[in-house]
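Keep the structure in view as you read.

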Amino acid sequence: MRRLQWAACRLLKVEASALARVVATEPVATTGGMLQAAAFSTSAKGAADSLFCTNVSGLKGNSPILIGLMEYFSRHMPKVGFYQPIGADPLSHHHNLPKHVAMLRQAFDLPDDPRRMYGVTEEEAQSLLASGRTEELMDKVFSKYQEYRQDKDMVIVEGPTVDGIGNLVELNGRFAAELDAPVLMIMDMHRDEDVTAGELYNRAMISKQDLQAEHADVLGVVLNKVPKHEHAVIGSALAKKLAAAGLPYAGGIPADPTIGTARLNEVVQALNARLLYGSEEDLDCDISDVLVCAEEVGPFLERLDRKIQERVQRGEAPTRPLILTAKGRIDLLLSLTALHLTGMGPHVSGIIAAGGSERVIGPVAERVVMHYNDQLIPVLDTPTGLFEACRIVSSVNPGILPESASKIQHAKDLFARHVDANVIASQLALPKQAKMTPKAFIHKIHEICRSDLQHIVLPESADRRVLAAAAEVIKKGLARVTLLGKPAEVQATAEKFNIDISGCDVLDFLDCPQVDKYADQLVEARKAKQLTREGAIDMLQDLNMFGTMMVRSGDADGMVSGAMCTTANTIRPALQVLKTPQKTLVSSIFFMCLPDKVLVYGDCAVNVEPKPEELAQIATVSADTAASFGITPRVAMMSYSTGTSGFGPQVDKVKEATRLVKEQRPDLFVEGPIQYDAAVDPAIAAQKIKGGSEVAGKANVCIFPDLNTGNNTYKAVQQSTGAIAIGPLMQGLAKPVNDLSRGCTVADIVNTVACTAVQALGQKRKAAEQPATAAAA
């Protein structure tokens, strides 16, 4: 992580003394947290730079924990951000921004555009989920998060607790896995005052299993709203149980009257009230009582004074009630103003005049009031009727608003006293296994594409899917696209289906000046077959041959076809004119996008029974292809035997191929022969491979001994697990040409175009490196 190492030393010096004081007074945060925090300073490599907070109890009220985490990390890192996958609880007083986005942005003076700090609105999320478009929701949340986190050292992510969106734990697990953010589970005790540590432990472990079932990493547990009389006992007992299960406990925020009491600014927000007199600063005050004035002012003042005195006699602190009344009660306003200004009391926290459109007071009385405006209690009005205003005020859910400065400071203090943030930081700093979800992989491909736009030709312009994919590629900025066909016909087809192809070039391959140039090049390429010029011109009438010649001549960087044509018709021209000077074996790979990783399978489409030399070549070329897509290749040569445990002709072939790979490419990590389970499962690898291996248990390039094995394996994994299979991608050609399935979707075509662009860019960079390497030698 970019800033963890820089921040760690400073963090530990500051936090150690503070944490020691906390531990001395209350044993919720253990000294183990300080010892574990050493990892934060020494093992930042591979550490997480985000934290996903989710209330596994499904309740709201996470503000104190979010505020505490933001305060903790902001002290030690210059760029800390906050993100919500689903923006919740919009505030009308803040341009309908999600409540926690508005509150944390203001409290921590975040410079970010607030619209970038959440993925979708509640309404949009509910609509997408209700219509079965979960993947579209995930795409939107993921892409906005990736944009937001670019310049951040740490991002605190809050999982949704929105009503009407199904299983929240499952959804938050998906979000956390896709965003690759470890989960801090928040367990709320607000409704469970009699719960035991054992019950909390069981709930934590069940929630952990549910989150892990969605491939999320669980970092630890923190409690919220713990009853004060049980705080120390519950915390100590739960910490021991969780520690035995290997799940860190960071502490618990106690139930607190300051956080749990409504404040005047929260009532103002709920009523959409307007401040008439007094100071906005005075809106940030507790509302412990509400009185409605419907009688004459004299009896009401007596009732108000009697109520306050009764509290004093019971030994309770006197309150300052909020007064609700109808508009036009100038007698009440002036009386309470006089009592407040003279200091005689009884005192109130504010007055809200409800209903009607008339003025609260007339112009003469207003001159009197305005004379003392800076000394007045808040006086507000609301268009809501008095009865409805009473109902709304009684149902206000106490929370923390952007204006709740005292609550925000109190939340910081509560977190610092009761939560050991070093436990969280030390877990974040632990090296973690690299994950590559399908969305992260596709995002990475798109980033590579945008770094240097390549030119891709799509011959099959008569197909609606191809036109839609071409428009999507241009919209996303993944490549430049040329469609083959008569411009008028192609445009008419696009308009018929309401597809905008204005960003694409359209070339009439049957009538264009390039035909003569391509015919000459084709004659030269096929001279061994004694091809005549007339024969070459005839071959160029085929759209796939024309597109392939565009690639050969450098007028395009790659070609994608096969939505309408057979595989043979798509690939044959490439095999005829795009062979490499080294006569590299043409083979194929699939990217198998599993929920938490991406594997490369080869060869699953071309070579039926490769010889050892050919199998070695497939392995090295597949490794290079993986590297061009940002994957550090770890090559497993597949067999029914691992190491020396078996024998036979098939095992001998894989052994020889592995030897050749190691000899030809000592820079590659390769292991073989090896069985599939030992290649991808660390636990099984530890049993079957002794002495350690850079590949066993963590292979990401799987090379199968023959087409029968490879083709059936990729289809079995795809059908049994729901994995996304991207491919086949052809390799071993001088320039990339890739085939589509005739049942392909628009998304399949877009992905294949992006992969073809990455292949083209990788080949260009490799070609540029070779002269430099030769010169250096």
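Start with charge on the surface. Glu 280, Glu 281, Asp 282 and Glu 403 gather there in a patch of negative charge. This is a predicted model, and everything below describes that prediction. Take Glu 403 as an entry point. Its place is the loop between helix H16 (386-394) and helix H17 (405-418). Is Glu 403 buried, partly exposed or exposed? Its relative accessibility is 35%, so Glu 403 counts as partly exposed.

Now step back to the whole chain. The protein chain has 31 helices and 25 strands. Its C-alpha trace spans about 115 × 65 × 45 Å along the principal axes. The chain has 777 residues, and buried residues make up 53% of them.

Next, look for opposite charges that pair. Side chains of opposite charge can pair when their charged atoms come close. How many salt bridges does a search of the whole structure find? The search finds 37. Three of these pairs are worth a visit.

Begin with Lys 439 and Asp 139. Their side chains meet in a salt bridge, at 3.5 Å from N to O. The pair links distant parts of the chain: Lys 439 sits in helix H19 and Asp 139 in helix H7 (residues 134-148), 300 residues apart. The two partners differ in cover. Lys 439 has a relative accessible area of 11%, so Lys 439 is buried. Asp 139, at 42% relative accessibility, counts as partly exposed. Both residues also belong to a wider group. Glu 135, Asp 139, Arg 174, Glu 178 and Lys 439 are linked in a network of salt bridges.

Move on to Asp 516 and Arg 533. They form a salt bridge whose closest N and O atoms are 3.5 Å apart. Asp 516 belongs to helix H22 (residues 514-525) and Arg 533 to helix H23 (residues 533-539), so the pair links parts of the chain that are 17 residues apart. Asp 516 has a relative accessibility of 44% and counts as partly exposed. Arg 533 is partly exposed too, with a relative accessible area of 32%.

Then find Glu 656 and Arg 659. Their side chains meet in a salt bridge at 2.7 Å, N to O. Where do Glu 656 and Arg 659 lie? Both are in helix H27 (residues 649-664). They are three residues apart, about one turn of the helix. Glu 656 counts as partly exposed at 27% relative accessibility. Arg 659 is also partly exposed, with a relative accessible area of 40%.

Turn from charges to rings. A pair of aromatic rings is described by the distance of the centres and the angle of the planes. The structure holds 11 aromatic pairs. Among them is the pair of Phe 441 and Phe 591, which is tilted. Their centres are 4.9 Å apart, with 55° between the planes. Why does this pair tie together parts that are 150 residues apart in sequence? Phe 441 lies in helix H19 (residues 438-451) and Phe 591 in strand S19 (residues 587-594), so the pair joins those two parts. Both Phe 441 and Phe 591 are buried. Rings also gather elsewhere. Tyr 83, Tyr 145 and Tyr 148 are linked by ring pairs into a cluster.

Finish with the backbone. Which residues does a cis peptide bond join at an omega of about -15°? They are Gly 602 and Asp 603. Asp 603 is found in the loop between strand S20 (597-602) and helix H26 (612-628). A cis peptide bond also joins Gly 727 and Pro 728, with omega at about 5°. Pro 728 has its place in strand S24 (residues 724-731).

His 95 is not a glycine, although its phi is positive, at about 55°. Look for His 95 in the loop between strand S3 (90-91) and strand S4 (97-98). At 66% relative accessibility, His 95 counts as exposed. Asp 109, a residue other than glycine, has a positive phi near 50°. Asp 109 is placed in the loop between helix H5 (99-107) and strand S5 (118-121). Its relative accessible area is 67%, and Asp 109 is therefore exposed.

Terms used
Residues numbered from 1 in each chain as written. Predicted model: local features only at pLDDT ≥ 70, side-chain atom pairs only at ≥ 80, totals over all residues. Heavy atoms only, no water. Patch = residues over 30% accessible without salt bridge, like charges linked within 9 Å, V, L, I, M, F, W, Y side chains within 5 Å. Areas by Shrake-Rupley, 256 points an atom, 1.4 Å probe, with all protein chains shown as cover. Salt bridge = Lys/Arg side-chain N within 4 Å of Asp/Glu carboxyl O. Lys, Arg positive; Asp, Glu negative; His and termini not counted. Charge placed at Lys NZ, Arg CZ, Asp CG, Glu CD. Helix = DSSP H or I, 4+ residues; strand = E, 2+ residues; numbered from the N terminus. Buried < 20%, exposed > 50% of the residue type's maximum accessible area, 1.4 Å probe, protein only. Phe/Tyr/Trp six-rings, centres within 6.5 Å; stacked < 30°, edge-to-face > 60°.
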